[in-house]
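My notes are below, in the order I looked things up.

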Amino acid sequence: MSDTHALGGRGAVAPARPVPAPRRPRFRGLDLSRTRRFASSAVILLLWQGASMAGLIAPRTLAAPTTIVATAWELVLSGELPHHLLVSLGRVATGLSIGVSSGVALALIAGLSRRGEEIVDAPMQMLRTLPFLALVPLFILWFGIGETPKIALVSLGSAFPVYLTLFAGIRGTDPKLMEAGRVFGLDRAGLIRHVVLPGALPSGLVGLRYALGSALLSLVIAEQINATAGIGFLINDARDFLRTDVIVVGLLVYALLGLGADALVRGFERRALAWRPNLIKG
Amino acid sequence: MSDERRVSVGGLTRRFGSNTVLHGLDLELEPGSFTALLGRSGSGKTTLLRTLAGLDPAPAEARIGLPDRVAAVFQEPRLLPWKRVWANVALGLEGRDAKGRAERALGEVGLARHLEAWPATLSGGEAQRAALARALVREPRLLLLDEPFAALDALTRIRMHALVLELWRAHGPTTLIVTHDVDEAVLLADRVLVLDAGRIAADIAVEMPRPRSHGDARFVALRRRLLAELGLEAEVLQEAA
């Protein structure tokens, strides 16, 4: 018995909470590394600007950073950039809503019923091995060169990541939690609502982030198909006039769209997954 | 009320493939009694408990009479990590004031300050107390405890033993605890069953007043007897000591 008491005593003395003091230097180190990252990017920009001004980089190869900024400003003021951005955003939004909702629907069908899995999963697994961007020629034949193939491509690109991750999340439900739910009187609908879906949400959101990235990629490719508006059109049009400044502005907009989409999902994750240990503030 | 807490099992046989886990088991639990079920790994005790909890289907030929309100606490707390502690306790409760009932149950196990906490922030002992509250809030007539303290440190386990006895006295459910800790069985239960190869090998009444002490001569004697039933010979015990 004395052994037991000694054990218990030691357990009681050891504090469970981490001491915050040793963290500080790490944060300062982080700040320094951030400064260095910023500095190296700034140096590259300065070199680029200098080379452009010295005539080492021809404007038709790559415009100077200052020119790009000025062009971006002009495009915003003239309303040209907002117009094309809205068109592109509209395509992404439409394609994403179709793609994500069908991905979620298929994942629920396949995840929640054995028969659903037999019917849905095999074709989905076969289709996903296909690089979906290779479907462009078929889509043009099927849907023409209007908006439909563009939206279809974005939908296709976003449906698969959502389907695959959500399906895996549903199937990965902890059977012990399911048992606890059954013992405490949850019926099938209650189990799905309280146990299966909340448990599958984290991986579903990872899928959503992939889907946004994939949707953006699809948008870039789709907008090469005979677009008359949209960021892709802006870029292609600029190519014909050797306007590298406009092309870079378009590329920057694509990049910002990617960053924005990622931030959006992260923000949602912070709210919806507040229960996760790594998100709980100590 | 007393009869509604009675547990009566007759001729329960469970087979998994060619492996017979329970051999025509008969078991009666007196209303409001506290019984401990001891047994080595693979003796069938978890299978019996899962059948009583309704997690495994009972075979048609077995006679099983169970109270209508059964609750269980498992070895792991099995709290849903995405629900706050009170919502875990209120899970599946019907009617209004589910939150109020959950809060009162959590107060009873000493977790009143953690109502809004996420399960991941609780210590092992706190999480297991929340699991106890989740079982008690249903006012169960049969409370099943499946090695509920096995994963806790020694000091926390001592506190949990006291808490379980207190709650059992206050609510009076027929209680069955599965454990392979002989001390725990003797400390808590009125009656200790030893399950061996799917049959009840020993059925021993524990007639000691509570609180019980490990130093009590009757405690030591009963402990030795139960260890022998579990196949640990005296020589082994002496060597270990």
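What follows are my entries, starting with the ground rules.

**Ground rules.** This is a predicted model, so I kept to its limits: local features need pLDDT of at least 70, side-chain atom pairs count only at pLDDT 80 or more, and totals for chains, interfaces and linings use all residues. Residues are numbered from 1 along each chain as its sequence is written, chains are lettered from A and ligands numbered from 1 in the order in which they are written, and side-chain values use heavy atoms, with hydrogens and water left out.

**Chain A, overall.** I started with the secondary structure and got 11 helices and zero strands for chain A. Helices here are DSSP runs (H or I, at least four residues), strands are runs of E (at least two), and both are numbered from the N terminus. I then looked at burial, and 37% of the 282 residues of chain A count as buried. My cut-offs were under 20% relative accessible area for buried, over 50% for exposed and partly exposed in between (1.4 Å probe, protein chains only). Chain A exposes about 16,900 Å², and carbon and sulfur atoms supply 68% of that. Those areas come from the Shrake-Rupley method with a 1.4 Å probe, and for residues only the protein chains shown count as cover. For contacts (heavy atoms within 4.5 Å), I checked the ones in chain A with a separation of 6 or more, and residues 24 or more positions apart account for 71% of them.

**Chain A, annotated spans.** Residues 191-212 of chain A are 100% helix and 0% strand, with the end C-alpha atoms 29 Å apart. Residues 125-145 of chain A come out at 57% helix and 0% strand, with 28 Å between the end C-alpha atoms.

**A nonpolar patch.** What sits on the surface together with A:Leu141? I found A:Leu138, A:Trp142 and A:Phe143, and the four form a nonpolar patch with about 450 Å² of accessible area together. Patch members need over 30% relative accessible area and no salt bridge; like charges are joined within 9 Å, and nonpolar side chains (Val, Leu, Ile, Met, Phe, Trp, Tyr) within 5 Å. A:Leu141 lies in helix H6 (residues 136-143) of chain A, and it counts as exposed because its relative accessibility is 72%.

**Salt bridges.** I counted a salt bridge when a side-chain nitrogen of Lys or Arg is within 4 Å of a carboxyl oxygen of Asp or Glu.

- B:Asp56 and B:Arg14 pair at 3.8 Å, N to O. B:Asp56 is in the loop between helix H1 (45-52) and strand E4 (63-65) of chain B and B:Arg14 is in strand E1 (residues 7-16) of chain B, so this pair ties together parts 42 residues apart in sequence. B:Asp56 is buried at 13% relative accessible area, and B:Arg14 is buried at 12%.
- B:Asp68 and B:Arg141 have their closest N and O atoms 2.9 Å apart. B:Asp68 is in the loop between E4 and strand E5 (70-73) of chain B and B:Arg141 is in the loop between helix H4 (124-136) and strand E6 (142-146) of chain B, so the pair ties together parts 73 residues apart in sequence. B:Asp68 is exposed at 60% relative accessibility, whereas B:Arg141 is buried at 14%.

I also noted a network of salt bridges linking A:Lys176, A:Glu179, B:Arg14, B:Arg50, B:Asp56, B:Glu76 and B:Arg78.

An automatic or database domain assignment sets the bounds, and it divides chain B into domain 1 (32-60 + 142-240) and domain 2 (80-138). I found 10 residues of domain 1 of chain B in contact with nine residues of domain 2 of chain B.

Is B:Val164 buried or exposed? At 4% relative accessibility, B:Val164 counts as buried. B:Val164 is in helix H5 (residues 154-171) of chain B and touches B:Phe34, B:Leu132, B:Leu145 and B:Phe149, leaving out residues up to four places away in sequence.
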